[in-house]
Amino acid sequence: MTILTTPRLVLRPFDPSDAEDLFAVFGNPTAMRYWSTLPHASVADTARMIDRTLAGDPGSHAEFAIEHEGKVIGKVGLWQMPEIGYILHPDYWRRGFATEAVQAVIAHGFETLGLDRITADVDPDNAASLAMLTKLGFVITGQAKNTIEICGKWFDSIYLELLAPDR
Ligand SMILES: CC(C)(COP(=O)(O)OP(=O)(O)OC[C@H]1O[C@@H](n2cnc3c(N)ncnc32)[C@H](O)[C@@H]1OP(=O)(O)O)[C@@H](O)C(=O)NCCC(=O)NCCS
């Protein structure tokens, strides 16, 4: 079981008891504005997401609950290796928490998992995510139209990557 610690955060595997805290994130329309699914409608949706994550092949993903002062405030990790993803409850935005969590996952991906690159797929309108990744050294490698459909509406993607330091 991998646990990553940063000055203010503990990144640890999900637990079924995280469903309420994570529903506060995944049921929040502001947090979910650029996500690849609709906001969760009930805590049962979030419980199913946790179950799917826990049942997944550990070799294909490394996903963590983000815990701050004993409360789960979001999720970060590599899903569909080597793609990074992250989401925080809006109450915790603009305090450097996502940067801290993503930096820890990048170090884990390169130093422990031996990845040669980490990628990201971001909605072109998601200025916060694009700015954070750029600050962390990610560069844009391409873009595509109509990559995700949610309830009949199509969204575009910007693709980014960060190469391992020794590449
Ligand atoms: C993207 C997200 C994780 C950023 O979290 P955060 O904790 O607020 O980010 P940080 O405080 O570490 O900010 C890092 C940098 O990102 C940029 N940034 C963050 N929020 C921003 C915003 N609203 N507008 C513009 N830039 C922003 C800034 O450059 C910031 O650095 P600065 O504070 O020194 O200016 C958060 O907005 C979020 O959860 N969004 C919803 C989920 C999501 O879109 N996930 C990504 C899918 S690809």
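How many residues surround the ligand, and which are the closest? There are 20, and the closest are Arg94, Gly96, Thr99, Asn126 and Lys135; a residue counts when one of its heavy atoms lies within 4 Å of the ligand.

This is a predicted model, where local features need pLDDT of at least 70 and side-chain atom pairs count only at pLDDT 80 or more, while totals for chains, interfaces and linings use all residues. Residues are numbered from 1 along each chain as its sequence is written, and side-chain values use heavy atoms, with hydrogens and water left out.

**View 1. Polar contacts hold our attention here.** A polar contact is a pair of N or O atoms within 3.5 Å. A polar side-chain atom of Thr99 sits 2.5 Å from a ligand oxygen. For Lys135, an N or O atom of the side chain is 2.5 Å from an oxygen of the ligand. On its own the ligand would expose 920 Å², and the protein buries 78% of that (Shrake-Rupley method, 1.4 Å probe).

**View 2. Now look at what makes up the shell around the ligand.** β5 (83-88), α3 (97-112), β6 (117-122) and α4 (127-135) each give at least two residues. The largest share, 5 residues, belongs to α4. Helices (H or I, at least four residues) and strands (E, at least two) are DSSP runs, numbered from the N terminus. Sorted by class, the shell has 12 nonpolar, 4 polar and 4 charged residues. Nonpolar means Ala, Val, Leu, Ile, Met, Phe, Trp, Tyr, Cys and Pro; charged means Asp, Glu, Lys and Arg; the others, Gly among them, are polar.

**View 3. Helix α1 (residues 19-26) meets helix α2 (residues 43-55).** Their axes, lines fitted to C-alpha atoms over the stretch in contact, with angles from 0 to 180 degrees between N-to-C directions, come within 9 Å and cross at roughly 110 degrees. So α1 is roughly perpendicular to α2, a label for angles of 65 to 115 degrees. Residues in contact (heavy atoms within 4.5 Å) include Phe23 and Phe26 from α1, and Met49 and Ile50 from α2.

**View 4. Here is a cis peptide bond, from Met81 to Pro82.** Its omega is near 10 degrees. Pro82 is found in the loop between β4 (71-79) and β5.

Key:
Polar contact = N/O pair within 3.5 Å; in protein donor to acceptor, adjacent residues only side chain to side chain. Parallel < 35°, antiparallel > 145°, perpendicular 65-115°, else oblique.
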